[in-house]
Amino acid sequence: MHSLLKRQIRKFLPADVAEMPELEFFLQAVSRSYQNNDDKLEMIQRSTTISSKELSSANRELLQKIKNQKKIFDSLSEVVRVMDHSENGLDDNKEEVGAIKIAARIEEQTKKILQLTEEKNDLLNDLEEQNESLNNYAHMVSHDLKSPIRNMHTLMSWIAEEEHEKFSEESKYNCSLVTQNLTKVDNLIDGILRHATLEAHEEEKTNVSLNELIHEIKNTIFIPENIEVNIEGSLPVLYKDKYKLEHLFKNLITNAVKATEGLLKGEIIIAAIEKKDYWKFSVKDNGKGIPEKYQESIFNMFKKLENNANATGIGLALVKKIVNIYSGEIWLESQLEKGTVFYFTIKK
C-alpha cells in the first residue's frame, strides 16, 4: 500500500490506534487483497466470451430440437390424412393401410415427441442456470474490481493534491493518464455488467413516447454546441421496457455525437417508418464515417475504432443485444467523411 494512503488513514484514526503495531499488519492485508485486479478483469472478459459461445451453441441445439419436432408433427398429420382417406373410401392407392400399423406408427411418434419435449425442458433449465450463474459472476467480479479502482482513483487525487508543487510537468501528465485509465476501466466494468444482465433486468412495460425519450436523452448526455440532434417527422409510442429503449437510443446518439464533434456543424437525424409488423428506425449523422472493413465487426464485444479513453467497445454490442430481444435486425450504411446511418427494426 502506498505510504501516502497509509498516512491518510492514520490521519483520521485516534492517536493510540494509529501507533498500534497491529495496524501495520492490517494495512498490509488490505494491500494484498488488491494485487490481482488485472487477473480479475481478464477473467470477466473471458467469462463473458465463453458464456456467450455456450449460450449460442445451446440455442442452436434447441432450434434443431424444434425442427425435429416439426418433422414429427408433419409425419403425424400425414398419418391422420391417410386414415381419413381410408375411412371415407377416398384412398386411390392400391396398397391397403392396416389399422394396427397406423396405431403403431402413432405410438412411435408420440414417444419421440415426449422424449424431445423432455430434452427441450432439460436444455431450457440448463440455459436458465447458465444465465443465472453468468449474472451472479458478473455482479461479484464487478464489485470486487470497482472497489479497488475507486480507492486507486482517490489515492491518485491525494497524491496530485499533496505533491502538486513537487511534480514536474511530465509527472503531472502521467498522473492524468493514470486517472483517465482508471475511469476507462470503471466504464468498462459498468458496460460488461449492463451487457451481462440486460435480459435479467425486469421493468414493467409502459407506453413509451420516443419523442419524449429522445428529449430526455438530449438533456442527460453532453452534446457540443456545434451539433444538432433532430427528429424527422414524429416518432411512435411503443409499449416496451423503457430501460432498454433508453440504452438503445442513448448509445446510438452518443456514437453519432462522437463521429461529428470535430465538424464545423454536426447534424444527427432520428427517423421512423411504420411497416406492417414492425417499426424501422434510423439514426443518421454527417460525421467521419466507418471504414468498410469494420462495418461487420463493429457490433462485436470490445470492438473499438479508435483508442478513446472513455470508449469501452461495448455500446454497439449492447445495442445489437437489445434489438435482438425485440425480435429485430440492425445494420448500417456508411461512407468515409460523409457520415453513417444505423438502421434497426423493432417488432410491434
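**Aromatic pairs, salt bridges and a charged patch**

Phe344 has a relative accessible area of 0% and is therefore buried, since the limit for a buried residue is under 20%. The structure described here is a predicted model. Phe281 also counts as buried, because its relative accessibility is 0%. Both residues belong to a cluster in which ring pairs link Phe249, Phe281 and Phe344.

In total, 5 aromatic pairs were counted. One of them joins Phe281 and Phe344 in a stacked arrangement, with 5.2 Å from centre to centre and 15° between the planes. Phe281 is part of strand 5 (residues 278–285) and Phe344 is part of strand 7 (residues 339–347), so this pair ties together parts of the chain that are 63 residues apart in sequence. A further stacked pair is formed by Trp331 and Tyr343, with a centre-to-centre distance of 5.6 Å and an angle of 20° between the planes. This pair links distant parts of the chain, as Trp331 lies in strand 6 (residues 330–335) and Tyr343 lies in strand 7, 12 residues apart. The two partners fall into separate accessibility classes: Trp331 is partly exposed at 31%, whereas Tyr343 is buried at 18%.

Side chains of opposite charge can pair when their charged atoms come close. A search of the whole structure gave 5 salt bridges. In one of these, the side chains of Glu216 and Lys242 meet at 3.2 Å, N to O. This bridge links helix 7 (residues 210–220), which holds Glu216, with helix 8 (residues 242–260), which holds Lys242, across 26 residues of sequence. Glu216 is partly exposed at 34% relative accessibility, and Lys242 is partly exposed at 29%.

Another salt bridge connects Lys348 and Glu274 at 2.8 Å, N to O. Lys348 is in the segment after strand 7 and Glu274 is in strand 4 (residues 266–274), so the pair ties together parts 74 residues apart in sequence. Lys348 counts as partly exposed at 47% relative accessibility.

The surface also carries a patch of negative charge, in which Glu61, Glu118, Asp122, Asp126 and Glu129 gather. Helix 5 (residues 99–162) contributes the most to this patch, with 4 residues. Asp126 is located in helix 5, and its relative accessibility of 33% makes Asp126 partly exposed.

Conventions
Residues numbered from 1 in each chain as written. Predicted model: local features only at pLDDT ≥ 70, side-chain atom pairs only at ≥ 80, totals over all residues. Heavy atoms only, no water. Patch = residues over 30% accessible without salt bridge, like charges linked within 9 Å, V, L, I, M, F, W, Y side chains within 5 Å. Areas by Shrake-Rupley, 256 points an atom, 1.4 Å probe, with all protein chains shown as cover. Salt bridge = Lys/Arg side-chain N within 4 Å of Asp/Glu carboxyl O. Lys, Arg positive; Asp, Glu negative; His and termini not counted. Charge placed at Lys NZ, Arg CZ, Asp CG, Glu CD. Helix = DSSP H or I, 4+ residues; strand = E, 2+ residues; numbered from the N terminus. Buried < 20%, exposed > 50% of the residue type's maximum accessible area, 1.4 Å probe, protein only. Phe/Tyr/Trp six-rings, centres within 6.5 Å; stacked < 30°, edge-to-face > 60°.
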